[in-house]
Amino acid sequence: MACAAPSSAPSDDLDDLVDTDRYPLAQPAGGAWLDLVTRIRRELETTGCSVLTDFVRPAAREALRAECAALAPSAYYQHEAVNAYNIDVRTSLPEDHPGRIVLRRGNAFVAADLVPEGVGIRRLYSSESFQRFVAACCGLDRLYKLADPLAQLCLNVIRPGDEHPWHFDTNEFSLSLLTQESEAGGIFEYCPDIRSAEAENLEAVRDVLTGRDDRRVQRLVLRPGDLQLFRGRFSLHRVSPVQGDSARHSAIFAYCERPGVIGSVARTKQLFGRVLPEHLEAARQAARVRGDRLLD
């Protein structure tokens, strides 16, 4: 992938959206901010995941849900056969490799260029105070917005009967904000640090995918307004099948440690059904640089 210099946001004031009494994003020198960051870092280190419950103010949740629900029909839907590594299922791999286990992907994404300015999730993503807070939680001096014009900010839509199957993320740290919960199902499940930058740990991944090992699987019930920080690069994870009449909606915020990161042409087309000139140019310049040697 690739990130550009952050664009200026119309306003960095999030008091109407975020419970800034509990989560004082704009006060990085304050004791409450430091205590919060310390807690989140500890949880990421020990469990691979940290949840900021009621991050969005109760009074703002319905408006946020409605905004995202209005965007959901623009999601790109493409049911397809995938594997946990998001590589071509026809890739030549050893017989017992977990990448040969075929999964069904039914979730869809609304691309960033379809999320207007002024929408709550766009305001949050563009906020410099939020960006600075996330960087501190990840133990970094700074983060950049993903330069990818489609993948930097997405709305993940999972309709009843569909699921987001087991997978690993491209970025080490992932952020998601639940805006609408399903009536049943739609549980976030993950296996903390099942692999590392040095080792794929293929046998353990295969045991989870085949159901032979359920002990590694942690289950997390998220509620609308909860913000989740997660080590998705190293933790196998999924959203279980959604049940009932309501779709599950969650905003996904993508930041990176390096400027200029843009997604690959193949992966972008898979998720959004299209690519832009920025993706083609990045491919020509071989701008997609990995920080490890993992399969994906």
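Which strand gives the most to the lining of the second largest cavity? In this predicted model, that element is β7, with three residues.

A search of the whole structure finds two cavities of 30 Å³ or more. The largest has a volume of about 690 Å³, and of the 40 residues that line it, F109, H167, D169, S174 and I252 are the closest to its centre. Two or more residues of this lining are given by each of β6, β7, β8 (174-180), β12 (227-230), β13, β15 and α6 (265-272), with the largest share, five residues, coming from β8. By class, the lining of the largest cavity divides into 19 nonpolar, 14 polar and seven charged residues. The second largest cavity has a volume of about 40 Å³ and is lined by V82, N83, N86, R105, H164, P165, H167 and R267, of which two are nonpolar, four polar and two charged.

Strand β7 also belongs to an open sheet of four strands, in the order β7-β13-β10-β11, with antiparallel pairing. Because β7 (164-167) and β11 (218-220) stand at the edges and each has a single partner strand, one side of each is left without a neighbour in the sheet. On average, and with direction ignored, neighbouring strands of this sheet are turned by 15 degrees against each other. Within the sheet, β10 (residues 188-191) and β13 (residues 236-239) pair in the antiparallel sense over four bridges, and C191 has L236 of β13 as its bridge partner. Helix α5 (residues 202-209) lies across β7, β10 and β13, and runs at about 20 degrees to β13.

Strand β6 (residues 153-158) is largely enclosed by the rest of the structure, because six of its six residues are buried. In a regular strand, side chains alternate between the two faces of the sheet. In β6, L153, L155 and V157 point one way, whereas C154, N156 and I158 point the other way, and all are buried. Strand β4 (residues 108-110) pairs with β6 in the antiparallel sense over three bridges, with A108 standing opposite V157. Six bridges join β6 to β15 (residues 248-253), which also run antiparallel, and here L153 stands opposite F253.

Helix α4 (residues 128-137) is likewise largely enclosed by the rest of the structure, because eight of its 10 residues are buried. These buried residues are S129, F130, Q131, F133, V134, A135, A136 and C137. Just after α4, G139 takes a positive phi of about 75 degrees.

Notes: Residues are numbered from 1 along each chain as its sequence is written. This is a predicted model: local features need pLDDT of at least 70, side-chain atom pairs count only at pLDDT 80 or more; totals for chains, interfaces and linings use all residues. Side-chain values use heavy atoms; hydrogens and water are left out. Two strands pair if DSSP finds at least two bridges between them. Axes are lines fitted to C-alpha atoms, for helices over the stretch in contact, and angles run from 0 to 180 degrees between N-to-C directions. Contact means heavy atoms within 4.5 Å. Buried means under 20% relative accessible area, exposed over 50%, partly exposed in between (1.4 Å probe, protein chains only). On a 1 Å grid over the protein atoms alone, a cavity is a set of points where a 1.4 Å probe fits but cannot get out, and a pocket is an open set with protein on both sides within 12 Å along at least five of seven lines; lining residues have an atom within 4 Å of a point. Grid points are joined across faces, edges and corners, and a volume is the space filled by probe spheres set on the points. Ala, Val, Leu, Ile, Met, Phe, Trp, Tyr, Cys and Pro count as nonpolar, Asp, Glu, Lys and Arg as charged, and the others, Gly among them, as polar.
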